[in-house]
Amino acid sequence: MKSKLVIKFDLNSNKYFFGKLFYDKLFAIGLILPAALMLCLTIVLPLLEVIRMSFHNYSLLNMNQIKWNNFANYQLLFTDPELLFAFLRTFYYVVVTVSLNLVIGFTIALLLNREIKSRNFLRGLFFLPWTFPTLVAAVVWLWIYQPQYGIFNYLLQTCDLISRHVNWLGELNTAMPAVIVASVWKQTPLMMVMILAALQTVPRDLEEAAVIDGASSSQRFFNVTIPCIMGVLKTVILSSIITNFQMFALFFVMTGGGPVRATTTLAIYTYEAAFMQFNLGKGAAVGVLWLVFLVVFTVTYNRILSKKEAFQD
Amino acid sequence: MKDRSHLLLNILLLILLVLFLAPIYWMILTALKPNALLLKMPPEWNPFKLTLENFTTILSDHKFLVFYKNTGIVAFGTTFLSMILAALASYSFSRFKFRGSSFLQLVFLSTQMFPAVALMIALYALYHKLHLLNTYTALILACATNALPLSIWVLKGFFDTIPRSLEEAASIDGCGRIQTLFQIILPLVKPGILAISIYAFLISWDDFLWGLTLVSKMELRTLAPGIALAYLGEYNYDWAKVMAASVVASLPILLVFIFLQKHMISGLVMGAVKE
């Protein structure tokens, strides 16, 4: 259907030197060109540049003098145990945050997908946290967690759950979970809205047919609802993983990577290397490793999930 | 029995709602408190003792107004740029089939997955060479790059719903290609244009990383890094002032949300739910 239009145009004119088809193509490419040029400048060039930089001695303080340094940046990274820890922390943060986003978002979406009055109004209220900028989310939770005057400690103490002021963002065991709570608060609404939209595309007659066939509600959920929205789930989970993998603002504002290094994720680690140790080469090397990992991960993710889907069909 | 489970589920929904809205309530309440009540324990809940003083302080703070102006410039610039580029490119992807077109679409969409932090260092070096550091252009380009891939994808979906016969008719009537696009087709995808504009606006208003790294001059700071660097010192934060700044900084998006909720959500949802 798509290619027909071009041919039709081609038939009704001979006044062009190369034929209308050629001009159509030229027009089509001309329309894409501005977007392509911008992405070249902001994605493709930096991509090549980050690879080049990772092999050079590249200091923020002297950006005009760069030297090939025989993989020294990579050697530095592979002998630094902190890189592995940063990676594991990122992994922990991503897995917990995305799982909680999914479970809570799914729960709210299911609750809103029942026969319920004012569904759109409630959806709007639940969506509200997402509309606040990430920085504002970070600042609000910083205030909530404030050790002496924070409302969080006050409420927990009133309920007798804790006996002393806890410095949630300042203690090794609680810093990461505290950041996770803030990010779940901010991100779950988006997940919920996506899943709710997907749930509403599940055909009614399929569900009714399952009821008539005597399926229990859990059977209906796993054999009708989930397969119907699998495509959307796959997309929202992947995009949530990618967003959180590069989460920077929450950590930078709430903990700055501390206490000690308890919340130094890859994003913070890269930023520190480049802009606090002034070693752009090292930062670039982290970036390259990170890109390699993401590409491998995305390909595997799509492979595994598309196999699963084929199996279900 | 059914009624009872329905009631229980409604109670669960209500509890979740309270948990999600409580931080927002606490932020606004704090922003409205006079300094004397701010650190009182147990907290002061009495709304009759509230004041707008923090808002007047923040709105007469020159620094804050500069941040606000900069964010506005960057957000509108980003929205405009990504809207134009996305409209042209997605129209082409929707209407013309040429070799490599679907591959190119895939490449465009996948650029969204590259981690900004990983590319940031190279972008910084590149902008340094091009003398783009400390300019609005740098921020607008970086934010538009974040918004563009999904915008093209979503808008293409809108173009796909417009029948091709319209263009054929226009062509027979002697309407040129560009004229057809701008005067006949674009007005028909207004909801799509609105949805991607809101999306781009949100992305640039939310930006923290680019504003922090690509700009170092105080006159060019945007809100997010500005608030973090100017009002969050080591100790002794003025929390009421910080909360007031946060509320005011969130206001444009809240307004967009209140008045254009349908378009905002449709833009966000379409990227995932289409397929």
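Modeller: Start with M53(A), which is found in helix α2 of chain A (helices are DSSP runs of H or I with at least four residues, strands runs of E with at least two, numbered from the N terminus). This is a predicted model, where local features need pLDDT of at least 70, side-chain atom pairs count only at pLDDT 80 or more, and totals for chains, interfaces and linings use all residues. Residues are numbered from 1 along each chain as its sequence is written, and side-chain values use heavy atoms, with hydrogens and water left out.

Biologist: Is M53(A) buried or exposed?

Modeller: M53(A) is buried, at 0% relative accessible area (buried is under 20%, exposed over 50%, partly exposed in between, with a 1.4 Å probe and protein chains only).

Biologist: How far does α2(A) reach from its first C-alpha to its last?

Modeller: The helix covers residues 20–53 and reaches 46 Å, close to the expected 50 Å (1.5 Å times one less than its number of residues).

Biologist: Where is the kink in α2(A) centred?

Modeller: On C40(A), with a kink of about 45° (the angle between axes fitted to the seven residues ending there and the seven starting there).

Biologist: Now the strands. How many residues lie between β1(A) and β2(A) in the hairpin?

Modeller: There are 2. The strands, residues 56–59 and 62–68, run antiparallel and are joined by 3 bridges (pairing takes at least two DSSP bridges). H56(A) has W68(A) as its bridge partner in β2(A).

Biologist: And chain B, where does L19(B) lie?

Modeller: In helix α1, residues 2–31 of chain B. L19(B) is exposed, with a relative accessible area of 55%.

How values were computed:
Chains lettered and ligands numbered in written order.
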